Amino acid sequence: GSNSGILCRGGSLEVEVLLSSFGNSDGSEAVSSSSGVPLRPEFDLSTDIDGVYFDLLVLGAGSIDTSDAKALAYLQKHHKRGGSILTVCTGARYMAFLGLL
């Protein structure tokens, strides 16, 4: 038989992908993509006070506003506890803004 999922050293790795935001885990407010596609958040980052729920955060252009202190503090906490942050395209500006590059 074949193995499903992502294999890592002969075992399987569980991968969960969630669109997350602050205060909107019920998906009542859609977030629009750059092409206008409405996306509904599935996880409320404000419930993860210590920034430990995710092992990896992926940030693309427009992921957060650099004036959003709550989002920036979350990124800092996530990074300080050893969490990984992957940036795509100009999403690297968030890491530069926080002095993490």
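**Entry 1: Asp-48**

I began with a charge that lacks a partner: Asp-48 is buried yet forms no salt bridge. The nearest side chain of opposite charge belongs to Arg-81, and it is 6.4 Å away. I note here that the model is predicted.

Where does Asp-48 sit? I found Asp-48 in the loop between strand S6 (43–44) and S7.

Next I looked up what its side chain meets. A polar contact of 2.5 Å links the side chain of Asp-48 to that of Tyr-74. A polar atom of the Asp-48 side chain also lies 3.0 Å from the backbone nitrogen of Tyr-53. I then listed the contacts, leaving aside neighbours within four places in sequence. Asp-48 is in contact with Phe-43, Tyr-53, Phe-54 and Tyr-74.

**Entry 2: the aromatic rings**

Phe-43, Tyr-53 and Phe-54 form one aromatic cluster. I counted 3 aromatic pairs in the structure.

I took Phe-43 and Tyr-53 to begin with. Their ring centres are 4.4 Å apart and their planes are at 25 degrees, so I logged the pair as stacked. Phe-43 is in strand S6 and Tyr-53 is in the loop between S6 and S7, so this pair ties together parts 10 residues apart in sequence.

Then I checked Tyr-53 against Phe-54. The centres are 4.8 Å apart and the planes are at 80 degrees, so this pair is edge-to-face.

Tyr-53 is partly exposed at 41%.

**Entry 3: Val-52**

I stayed in the loop between S6 and S7, where Val-52 is also placed. Val-52 counts as partly exposed, at 46% relative accessibility. I looked up its distance to Arg-81, the residue from my opening check. The C-alpha atoms of Val-52 and Arg-81 are separated by 7.5 Å, while the two residues are 29 apart along the chain.

**Entry 4: His-78**

I moved to helix H1, which holds His-78. His-78 is buried, and its relative accessible area is 0%.

What does the His-78 side chain have at 3.5 Å? The backbone oxygen of Gly-51 lies at that distance from a polar atom of the side chain.

**Entry 5: the nonpolar core**

Last, I opened the largest nonpolar core, which has 14 residues. Which members touch the most others? They are Leu-75 and Met-95. Strand S7 (56–59), helix H1 (69–80) and helix H2 (92–97) are the elements that each give two or more residues to this core. H1 gives the largest share, with 4 residues.

I followed up Met-95, not counting residues up to four places away in sequence. Met-95 touches Leu-59, Leu-75, Ile-85, Thr-87, Leu-100 and Leu-101.

Methods:
Residues numbered from 1 in each chain as written. Predicted model: local features only at pLDDT ≥ 70, side-chain atom pairs only at ≥ 80, totals over all residues. Heavy atoms only, no water. Core = buried A, V, L, I, M, F, W, Y, C linked by side-chain atoms within 4.5 Å. Buried < 20%, exposed > 50% of the residue type's maximum accessible area, 1.4 Å probe, protein only. Contact = heavy atoms within 4.5 Å. Lys, Arg positive; Asp, Glu negative; His and termini not counted. Salt bridge = Lys/Arg side-chain N within 4 Å of Asp/Glu carboxyl O. Polar contact = N/O pair within 3.5 Å; in protein donor to acceptor, adjacent residues only side chain to side chain. Phe/Tyr/Trp six-rings, centres within 6.5 Å; stacked < 30°, edge-to-face > 60°.
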